[in-house]
Amino acid sequence: MVDILTGWTQGRGSSSDLALIDELSEAMRLTSICGLGQVVPAPIASVLKFFREEVEAHILRRECPSGICFSGAAAHSSAYVSAASLGARPS
Amino acid sequence: MSPTGNIELTIDGNKVSVPAGTSVFDAARMNGIAIPTLCHQQNETPVGVCRLCVVDVGARVLTASCVRPAENNMVVATSSEKVTQARRTLLDLLMSDHPSPCARQQHSGDCELETHAKQAGIGQPRFPKSSTGRGKDISSPSIAVEFDSCILCDRCIRGCSEIRENFVLARMGKGGQAGIAFDNNLAMGNSSCVSCGECMVSCPTGALTNKGVTGTHFARGLAAAETVTPEDLKQLPVFKGVSGTFLSLNQGAVVKRHFKKGEIICREGEYGSTAFYILEGKARVSISSPIAHVKTDGGARGFLSKLTSALTSRQDDRREEETNQRYIPIDAPVDLAYGNPVAELGPGDLFGEMTCMSLYPRSATVRAETDCTMLEMLRNVLDIMQRNKNFRAQLDTSYRKRALDSHLRGVPVFAGLTDEFIGTLRDHVELVRYAPGQVICRQGDPANTFYLVRIGFVKVTQTHPGGEMVLAYLSRGDYFGETGLLRGDVRTATCTALDHVELVCISGDDFNRMISQFPQVRKKLEEAEEAHLRQNRERIAMAQNVPLDSFLSQGLMEAQSLLLLDLENCTRCDACVRACADAHDGVTRLVREGLRFDHYLVATSCRQCKDPLCMVGCPVGSIRRRNSLEVIIEDWCIGCGLCAENCPYGNINLHPFEVMGDDPDHPGRKKPVVKKKATSCDLCTNQAEPSCVYACPHDAAHRVDPREFFAGMLGRSSGPKS
């Protein structure tokens, strides 16, 4: 999940990613052993629910409306931190 | 609940009834519904980590059926769209990091992960592959580890710990870094793994696989190995009765080799992990190291004029208390005579047992005497063979016929036994094996058997009010158990197997017959016993008289002579070390490091430990202590360096010598080769004082009798001279 989200901030997203994230979120929510794993997808679900346009801008048009992503170190660190703060990888 | 006490639940619309405590997984299985799983196996405790067996029981989240007990009125869906979709995603995730086709898939096409993925219709994984590989470990002789294929199902860990109780495998690391590890993350080959293969059998993927055995880890540089099928092996009488399943599982752990006349099969001092069984032909066992010890001599022109170290045999330089041992113990069914260390092995002989079971260096060089065919086997095969009664019977017979003689006579005490008597013993002796750590006899038990060590090392300890004391380490050719028998009393010490030990047991009756028939044997045994007892008494008395624990634990009190460096005077100029090196042909036996007592550094020269670890493992039994406790290296040292490695203080060094030896490239011709001999500080006994003491410019180095020297410090005069 971190890899996919980081990819979005670096222009490596693809249109199929949204469905993939949904699928992964669902699997994690349903099958994780521990409660932490089950709620990992929650922040991303919120992002997709309330900031869907922004996400689509990143993936489909490779634009960052806030002007943070796609620019070297800043992009990397902010994306990494935000992605990492959502929880580690599944399993 | 039903009247029978069974649990009743519904699985996929079928009403089923199972005993209380049954898992949902088992409930389904018992009713013909297969739930896919990767981490669950019938013979292991379920852990529910792969999550593939999740089912819908109508709760907030899905539940792993292998760890979920069935409950009354539970409604279980094992393959609803929700469940199968979650499983597909999990498989997709696992496959994204799986090096498909993995080693197992390539080999036998039955990687469980790939099979499940294929059934679920997973094609190209959609998730990004992990960027960092997790590597491989090919250090084990029989099992290859491919960490990339590992799905962390823990099956191998449970196999290792629950089924085999070896406790080698465990998990290590967290999150994306998690993986399996051997011991505390050692390479598998260096770990305490016994290559039982349970992990490999448990592994669902290609993470742990049988090595493409042939040629990769057997002795290198030998004649090409020929694979042997289990069917071929079953044809051999010695494999009769060995489980065919075991043989096919361990296919490749035995290879057949053909050696041409003159070819070398193994060399003394080399490390190995295999044993050889001769099928056809003859082989010659010999020791190519010069049968001699290192002697340092001063030149004619006075002290330090020119000290040289040379090899001397016991004929020329008889050292104090040198035994008359006539046979050199080796890792084969025969012993080598001191005067002519050569013996012949033929069909049916097994050699290299100690190397294979306990990983000691090879004790002798074996060369094909005629063209010959041998089976080379790994430890797991040898182990199963050792337990096979046909094979054991053959080994026993061959031992009785050929080795008992030299083995008994090799012990100087028994040299006087007549052929006739040994003949009668032949049918009575019994070979018994002991596993590492197993107690052979306990202090206080009634004495009823006399033992000769055939293979391995035995630790003899005695319990005293002050604690336990190691009296000796015994190896091949040594004997024990006579004290109790001579006195007709109980065992005076506890004897424990240190490694894979095989003993020749002579019953108390036979022993008594022997000593009544041969009074000279009795006399010698009693003398030897008397000497041991006296020595032990002295050591124990000494240990109990001296109150200083640290002094004792450093073993200083037992020393007859110590090299001390006064740290208040020492400038660390290392002149002592150079002097030592100069005195011994450039090989220093002194390292200016060691334990400290007060303001003295006890430099590394043999400290005559209470527990002499150097004595364990010598493949030819050439290291022992004099009664004065000084270490003595016997002439037949093969220079393998194990004692030097075992000494915790680095007090044993290997001294290289150039001698004429066989030229491996031109059979029959000689060329200079370097042979090593173990040496330890000889205190420059041929000189007025040790060269290190002589060389110290600051008068900081002293050689002292510790009891005398420290007497004041210990607050009592315990030294004999004071």
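Select B:Tyr451 to begin: this residue stands opposite B:Phe480, which is in strand 29 of chain B. Keep in mind that the model on screen is predicted.

**Stop 1: the strands around this pair**

Now show strand 26 and strand 29 of chain B. Two bridges join them, and they run antiparallel.

**Stop 2: aromatic rings**

How many aromatic pairs are there over all chains? The count comes to six. Go to B:Phe276 and B:Phe351. Their rings are stacked, at 5.3 Å centre to centre with 15° between the planes. B:Phe276 lies in strand 14 (residues 275-280) of chain B and B:Phe351 in strand 21 (residues 350-351) of chain B, so the pair ties together parts that are 75 residues apart in sequence. Are B:Phe276 and B:Phe351 buried or exposed? Both are buried.

Return to B:Tyr451 and B:Phe480. They form a stacked aromatic pair too, with 4.9 Å centre to centre and 20° between the planes. This pair links distant parts of the chain, 29 residues apart. B:Tyr451 is in strand 26 (residues 449-455) of chain B, and B:Phe480 is in strand 29 (residues 479-480) of chain B. B:Tyr451 is buried, with a relative accessible area of 6%. B:Phe480 counts as buried at 4% relative accessibility.

Next, select B:Phe450, B:Tyr479 and B:Phe511. These residues form one aromatic cluster.

**Stop 3: the nonpolar cores**

In soluble globular proteins, nonpolar side chains tend to be buried together. Here, the largest nonpolar core has 47 residues. Colour B:Ile265, B:Ile287, B:Phe351, B:Met374 and B:Ile623, which have the most contacts inside it. Helix 18 (residues 642-646) of chain B gives the most to this core, with three residues.

Centre the view on B:Met374. Leave aside its neighbours within four places in sequence. Its contacts then include B:Val255, B:Phe259, B:Ile265, B:Tyr277 and B:Leu279. Both rings of the stacked pair B:Phe276 and B:Phe351 are also in contact with B:Met374.

A second, separate core has 27 residues. To find it, select B:Leu404, B:Phe414, B:Leu417 and B:Ile422, which are among its members.

**Stop 4**

Move to strand 1 of chain B, residues 7-11. Five bridges join strand 1 to strand 2 of chain B, and the two run antiparallel. Which residue in strand 2 of chain B is the bridge partner of B:Ile7? Pick B:Val18 to see it. These strands belong to an open sheet of three strands in chain B, with the order 2-1-5 and mixed pairing. Strand 2 (14-18) and strand 5 (75-76) of chain B are the edge strands, and each pairs on one side only.

**Last stop: where the chains meet**

Show chain A beside chain B. The contact takes 14 residues from chain A and 18 residues from chain B. About 1400 Å² is buried between the two chains, and carbon and sulfur atoms give 63% of that area. Finish on A:Glu23, A:Leu30 and A:Thr31. They supply 39% of the area that chain A buries against chain B, more than any other three residues.

Definitions and conventions:
Residues are numbered from 1 along each chain as its sequence is written. Chains are lettered from A and ligands numbered from 1 in the order in which they are written. This is a predicted model: local features need pLDDT of at least 70, side-chain atom pairs count only at pLDDT 80 or more; totals for chains, interfaces and linings use all residues. Side-chain values use heavy atoms; hydrogens and water are left out. Two strands pair if DSSP finds at least two bridges between them. Helices (H or I, at least four residues) and strands (E, at least two) are DSSP runs, numbered from the N terminus. A nonpolar core is a set of buried Ala, Val, Leu, Ile, Met, Phe, Trp, Tyr and Cys residues joined through side-chain atoms within 4.5 Å. Buried means under 20% relative accessible area, exposed over 50%, partly exposed in between (1.4 Å probe, protein chains only). Contact means heavy atoms within 4.5 Å. Rings of Phe, Tyr and Trp (its six-membered ring) pair if their centres lie within 6.5 Å; planes under 30 degrees apart count as stacked, over 60 as edge-to-face and the rest as tilted. Buried area is the accessible area (1.4 Å probe) that two parts lose on being put together, summed over both.
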